[in-house]
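Trainee: I would like to go through this chain with you. Could we look at the structure together?

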Amino acid sequence: MTTVRQRRVGKSTEAAEDQPSEEKNVKPDGRIPSDHTGGKLWKVLSITVGGIVAISLGLLTSVYVATLHENDLWFSNIKEVEREISFRTECGLYYSYYKQMVQAASIQQGLHGLVYDNKTESVRTINILERMNVYQEVFLSILYRILPIQQYLEPVYFYIYTLFGLQAIYVIALYVTSWLLSGTWLSGLLAACWYITNRVDTTRVEFTIPLRENWALPFFAVQIAAITYLLRTHLQPLQERLTLMAVFIATFLFSLTWQFNQFMMLIQALTLFILDCFDMLPTAKVTWLYIIQISGLLLVCVLQFFNSMILGSLLISFNASVLIARTIQKNLKTGGLLNRLGKLILHALLVLCLTLLINKFIKKILNLESDEHIFKFLKAKFGFGATRDFDANLYLCEEAFGLLPLNTFSRLSDTLLFYIYVFVLFLMAVTAVIVAFRNLSGSNQVQFMEKMEECPITLKPDAAYNLIHTVLFGCLALSTMRMKYLWTSHMCVFASFGLCSTEVWKLTLKCIHLYTSQRTRVIKYSVPIITLLYISYKFWPGIMDELSELREFYDPDTVELMNWIKSNTPNTAVFAGSMQLLAGVKLCTGRTLTNHPHYEDKNLRERTKQIYQIYAKRSPEDVYRILRSFGTDYVILEDSICYERRHSRGCRLRDLLDIANGHIMDGLGENEPDLKPSLYPRFCEEIKKNLPSYTIHFTRVFQNKTFHVYKLAKHK
């Protein structure tokens, strides 16, 4: 098991960015007053300073996470095999394709090896570019080969520095989004500081570098910033076209780099749908965003050799359904309150039915089953019946797919983030309800822009979008801990925007009858500055201590295993074992695998369940037959799985296998009445006794404190 051990000694004011009205500031003779010129200079100065602060914070964040990574593993001092082992589970699998491309004789040969890959899954040839989102590894490897940096920078450093560099883009995008919403770059500064001080809950890039979300989330943040700018009023046609292009590029890159893109963008599409129904966004811009989502995803589908999982995504079905339903219900936004509510309910039902029908039709035509495990997991998670499905239970028993732990909120509260977020969320939600009610009650002759201006309580389209976005992604994070990073980073943006927003403080002070424009302006700047001072005072010493703590990578058992495999097995040998370990075997040794952690394929899921019978109660003959059917030469057994204690009874891997096989689980506790005792002992335990019935098929060739490697006999 991989561990780390202690290393041995060897006040500003800015103008809002809204476009100033030119007519009010021009004299009859055409000359611009001097105060207008001063205002423009002040605005340029403010934007310049804010931009410099944004770039500086982004670069500092990159250096910060890179330093933490180096200090935690002593990455610069450990051997290459140890560096590769540090890329745990699926991270190692993704990095192996970058390594493969860099080491290929030519770029063409490297690409051919990915398109016709027969080492990732034994006795099968698969297209890695179609199956997995690894275009980023391909692009980076080509860039490394053509740039004159090979003598100065090792491939692994080029890779990890790129990921750490993306963190700079991530922080800058969060900063800009908050700035756009509030009109002051002080808000962006506060958002970036919250992101850094809540690092445990906002990112995990320093220890899961190649994970797909670390590539994708920076582009998602850029997309949100671009959408926020797009939804501002009074944009010039050229500005709008350029912003739409930025949204498309960010959407495309986000979709290209993460296999779960469709589910994240489905939530985003639901946000647009809700706001459009309540007349809180311009319909034309919403339509463009629907089209951009579909076109970005279809372009990725083409690049991934028409990946059927993309074509059968709910996002494409939902967006198409919304556009179709609009053409059917053309007068959706006319009539009184009850009339419109009735139309909205019918509209929502129509969209839901169309989505399910279109999705069902596409999956039937394509015979698509790649994503069925996700829906089985969701069905079991939300209580729609218990399941014995191995794949669904495998997800349900992982902490990352459980509910968000309550201690998350205590950590977020230490930086005041959660308290301020709840305060801003409550005020904005109340405002949104009032605005939605007013919009539904309005006359059909009133245009979108006019309705915004006729009531003191207003909610700008960009703020409305970010409000529903944070609510829906908050629900996702609460239900699935792994998705919290989509919410917590946006939480920083939303809370800082509210704290620096004139509208929020104006509404608050009016509610307590203390409103004056001067008081609002003072509070708008003083409260964020006090918050920043508090965060600096409380967390700066801890950050310095964290940066000074030195550890080193320490996993001698896995290092010994990888070195043995490289030295004592042929290059064509096929290895079976746990998904997590085999990803490391492929990266460190280049040997062929029977299974791996990229789980979005039905055949692979069935194959993995079969391979995992090495930890079930099965006869040696059955296990041998299963392993040989996949061309296995060696099988690796792990004591940490065979004698697992990390999970409670019912969630250990051996328990999941017993339940799926209809066998009674080990240990004290209840079993379902229809489960029966197995006729055979547990394979991973019994094989170590060297009984004749086992040694005829399996010969132990390597052993240490963690791993046992057995070579399979080749019977005719």
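Trainee: What do the side chains of E84 and K99 meet in?

Mentor: The side chains of E84 and K99 form a salt bridge, with 2.9 Å from N to O. The term stands for a side-chain nitrogen of Lys or Arg within 4 Å of a carboxyl oxygen of Asp or Glu. E84 belongs to helix α2 (residues 80–85) and K99 to helix α3 (residues 90–103), so the pair ties together parts that are 15 residues apart in sequence. Helices (H or I, at least four residues) and strands (E, at least two) are DSSP runs, numbered from the N terminus.

Trainee: What sort of model is this, and how are residues numbered?

Mentor: This is a predicted model, in which local features need pLDDT of at least 70 and side-chain atom pairs count only at pLDDT 80 or more, while totals for chains, interfaces and linings use all residues. Residues are numbered from 1 along each chain as its sequence is written, and side-chain values use heavy atoms, with hydrogens and water left out.

Trainee: How many salt bridges does the rule count?

Mentor: The count comes to 31 salt bridges.

Trainee: Next topic: which domains does the assignment give?

Mentor: The chain has domain 1 (162–548) and domain 2 (556–712), with bounds from an automatic or database domain assignment. Their centres, taken over C-alpha atoms, are 42 Å apart. Domain 1 brings 15 residues to the contact and domain 2 brings 21 residues, where contact means heavy atoms within 4.5 Å.

Trainee: And what area is buried between domain 1 and domain 2?

Mentor: About 1,600 Å² is buried between domain 1 and domain 2, and carbon and sulfur atoms give 57% of that. Buried area is the accessible area (1.4 Å probe) that two parts lose on being put together, summed over both. In domain 1, R388, F390 and C397 lose the most area to domain 2, together 46% of what that side buries.

Trainee: How many salt bridges lie between domain 1 and domain 2?

Mentor: Two salt bridges are counted between domain 1 and domain 2.

Trainee: Which elements give two or more residues to the side of domain 1 that touches domain 2?

Mentor: They are α17 (372–381) and α18 (390–396). Of these, α18 gives the most, with five residues.

Trainee: Finally, what is the strand order in the open sheet?

Mentor: The five strands run β4-β3-β5-β7-β6, with mixed pairing; two strands pair if DSSP finds at least two bridges between them. The edge strands, β4 (592–593) and β6 (698–703), each pair on one side only. Strand β3 (residues 574–576) is parallel to β4 and joined to it by two bridges, and V574 has T592 in β4 as its bridge partner.
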